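The following questions and answers concern one protein model. Please look at its sequence and fold before reading on.

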Amino acid sequence: MSDERDEAVPHLNAEEFRRLGHQMVDWIANYWARLESFPVRSQVAPGEVAAKLPLHAPEEGLGGGEGWDAVFRDLDAVVLPGITHWQSPSFFAYFPANASGPAVLGELLSAGLGVQGMLWSTSPAATELETRVLDWLAELMALPQAFRSTSGTGGGVIQGTASEATLVAMVAARARVRRQRPGDAPLVAYASTQAHSSVLKAAMLCGVARDASDTLHVRMVETDASYAMNPEALQRALGEDLAAGRQPFFVCASLGTTSSGAFDPLGPVSRAMGDTGVSAAGGWLHVDAAWAGAALLCPEYREPATGLEAVDSFAFNPHKWLLTNFDCNAFYTRDRSALLDALSVTPEYLRNAASASGAVIDYRDWQVPLGRRFRALKLWFVLRHYGAKGLRAYIREHVRLAGLFEDWVRQDTRFELAAPRALSLVCFRLAPRPGEAPSETDARNRALLERLNASGSAFLTHTVLPGVGGASARYVLRMAIGAPSTEERHVRACWEALQRLAET
Ligand SMILES: *Cc1c(COP(=O)(O)O)cnc(C)c1O
């Protein structure tokens, strides 16, 4: 037996890496070219993928030669059957999770450079490029000046996800309110009943909410007939809590709710905070525009952003509808000092002259983890490749397709729209038959959705929207258009499949 301590470490050499890298890029390009040939939703049963994998890690490595052929074979045999094809042109579920050539190249480059951009000094380019690219984006979206790094008091940062953005905003809010209103009044956060679950989760992480059922410390404000937050209801809730000795500290308004794409009215929401004295106490208004934020690139879709000048932070996900693969959340705040107060800790081993000078940004103080990838590269590549014009054309085309789909739903009396169309999201369902109980209508819609998804020709998901004016809640289907490869023919084919299935 040879002495294992003498074994050479089998790194890929430059030539082998080059060859395998080219092969992998080819594989991805071929995958993208074949997207239409796969059932959109993975059809494997639980455990089916795991059953094809060895129970133990290999003792002998592959080396850089032909051994890797086995890896490529496994991609087709083991991985692909277990993939739900988010990049498929017929993927209309949830919200999109875009990937694109330029973004994938940026991701690859980030991995290749392998830097940790936690401090300016650990790779100045990572920080300065991120700052500039986020300023570009803020300008393209006509975000308030106060959100740009050039304001001196605000600026943008890339977070992993909208959930992290909400959490970071909430901890900054907590620090600011505790500073302005010292004491131990219980803190209360607010969002509409339609807000994303990440608001509640952030409150649980912050210790503001005891658990997911703690509606005393996270108040779910009722919505109006279009599922947007009712600002009078918010104002009442703020007043009640103040009167009871609790301290409102954080309001999350949604621009584009996950269920139906509703836009909370920012002006009235911030006025409710102002009128009750919550803003004066340091109370924070965060805007979660995870999906719909991308549409602010187009001037004609900016109306819902009216009132953004009054908010403390705003975040959206280029990783949803802006061609930048997961993960990439663009988070902006007008009050970066609140983030630093809440998140900055400096142990001796991170001290350095540049940070001490105050002349640089250290993004570790703007986020939960210490380490951070060079994610700005992929956003930079996307912006440079498509240009603002290309990105606007991209958003507009999806909105146009959703408009077509909306018209088709209107014209078929078996179906109905279930909420106002929001950009590229259409909520619809099979209409109730005369005398049909709501639960039967729901069951027919559930069955329709399952038949469509099982067919593999398209993939949609559902939501439940609260009843308006005493009506019962409704199970509805969501048509969320936003994959890079989606064309009119895919939307039409999906609609025709729904029509066929509706007959049976
Ligand atoms: C998708 C979504 C989120 C969650 O996004 P992550 O980036 O996965 O955390 C939050 N809020 C809204 C409105 C969303 O649509």
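Q: Which residues of helix H8 (residues 266-275) are buried?
A: This is a predicted model, in which local features need pLDDT of at least 70 and side-chain atom pairs count only at pLDDT 80 or more, while totals for chains, interfaces and linings use all residues. Residues are numbered from 1 along each chain as its sequence is written, and side-chain values use heavy atoms, with hydrogens and water left out. Helices (H or I, at least four residues) and strands (E, at least two) are DSSP runs numbered from the N terminus, and buried means under 20% relative accessible area, exposed over 50%, partly exposed in between (1.4 Å probe, protein chains only). The buried residues of H8 are Leu266, Gly267, Val269, Ser270, Ala272 and Met273.

Q: Against which elements do the buried residues of H8 pack?
A: Just after H8, Gly277 has a positive phi of about 85 degrees. Contact here means heavy atoms within 4.5 Å. The packing partners of the buried H8 residues are helix H7 (231-243), strand E4 (247-254) and strand E5 (284-288).

Q: Is Arg429 buried or exposed?
A: Arg429 belongs to strand E9, residues 425-430. Six of the six residues of E9 are buried, so the strand is largely enclosed by the rest of the structure. Arg429 has a relative accessible area of 7%, so this residue is buried.

Q: Which side chain forms a polar contact with that of Arg429?
A: A polar contact is a pair of N or O atoms within 3.5 Å; within protein, one must be able to donate a hydrogen and the other to accept it, and residues adjacent in sequence count only if both atoms are side-chain atoms. Beyond four places in sequence, the contacts of Arg429 include Arg414, Asp442 and Tyr475. The polar contact, at 2.7 Å, is with the side chain of Glu416.

Q: How many bridges join E9 to strand E11 (residues 474-480)?
A: Two strands pair if DSSP finds at least two bridges between them. Strand E8 (residues 415-417) is joined to E9 by three bridges and runs antiparallel to it, with Phe415 opposite Leu430. E9 and E11 also run antiparallel, and Phe428 has Leu477 as its bridge partner in E11. The number of bridges between E9 and E11 is four.

Q: What is the relative accessibility of Thr127?
A: Thr127 lies in helix H4, residues 124-140. Leaving out residues up to four places away in sequence, Thr127 touches Gly117, Leu119, Trp120, Ile361 and Tyr363. Thr127 counts as buried, because its relative accessibility is 2%.
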